[in-house]
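Subject: Structure handover

Hello,

Here is the structure for you to look over. My notes follow directly below it.

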Amino acid sequence: PAAARTVAGDYAVDSTGATDFMILVDASASPKTVTLPAAADKTDRMYCVKKIDPSANAVTVATAGNDRLDGAASRTLAAQWDGVLVRSNGLAWYIL
């Protein structure tokens, strides 16, 4: 399995050539956005995104292009330890 990645800036999942699974987000300096890859490119892949800081800054989990996450373009993680585990069916992302 892939190691956990901690980020403190906006982040595009799997964009660095690494295989991401757990993305821990520190939004203490400002709000952050984590963008999922296209669902069609990641059939059956799962990702976990979690906000790890206690600040009032939100972490937005956003989809690429016209993809949807449980029917929406994004999901907001507002409180410390809020998180989502998502999986692609090749057409959209779903929160598990």
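A residue counts as buried when its relative accessible area is under 20%. Tyrosine 47 has a relative accessible area of 0%, so it is buried. Tryptophan 93 is buried too, with a relative accessible area of 0%. Please keep in mind that this is a predicted model.

Those two residues belong together. A search of the whole structure finds one aromatic pair. Its members are tyrosine 47 and tryptophan 93, with ring centres 5.6 Å apart and planes at 50°. Planes under 30 degrees apart would count as stacked, and planes over 60 as edge-to-face. The angle here is 50°, so the pair is tilted. The pair links distant parts of the chain. Tyrosine 47 is in strand E5 (residues 46-51), and tryptophan 93 is in strand E9 (residues 93-95). They are 46 residues apart.

Next, the backbone. Most residues other than glycine have a negative phi. Two residues to check here are aspartate 70 and tryptophan 81.

- Aspartate 70: phi is near 50°, a positive value. The residue sits in the loop between strand E6 (59-62) and strand E7 (74-77). Its relative accessible area is 42%, so aspartate 70 is partly exposed.
- Tryptophan 81: phi is near 80°, again positive. The loop between E7 and strand E8 (83-88) holds this residue.

Best regards

Notes: Residues are numbered from 1 along each chain as its sequence is written. This is a predicted model: local features need pLDDT of at least 70, side-chain atom pairs count only at pLDDT 80 or more; totals for chains, interfaces and linings use all residues. Side-chain values use heavy atoms; hydrogens and water are left out. Helices (H or I, at least four residues) and strands (E, at least two) are DSSP runs, numbered from the N terminus. Buried means under 20% relative accessible area, exposed over 50%, partly exposed in between (1.4 Å probe, protein chains only). Rings of Phe, Tyr and Trp (its six-membered ring) pair if their centres lie within 6.5 Å; planes under 30 degrees apart count as stacked, over 60 as edge-to-face and the rest as tilted.
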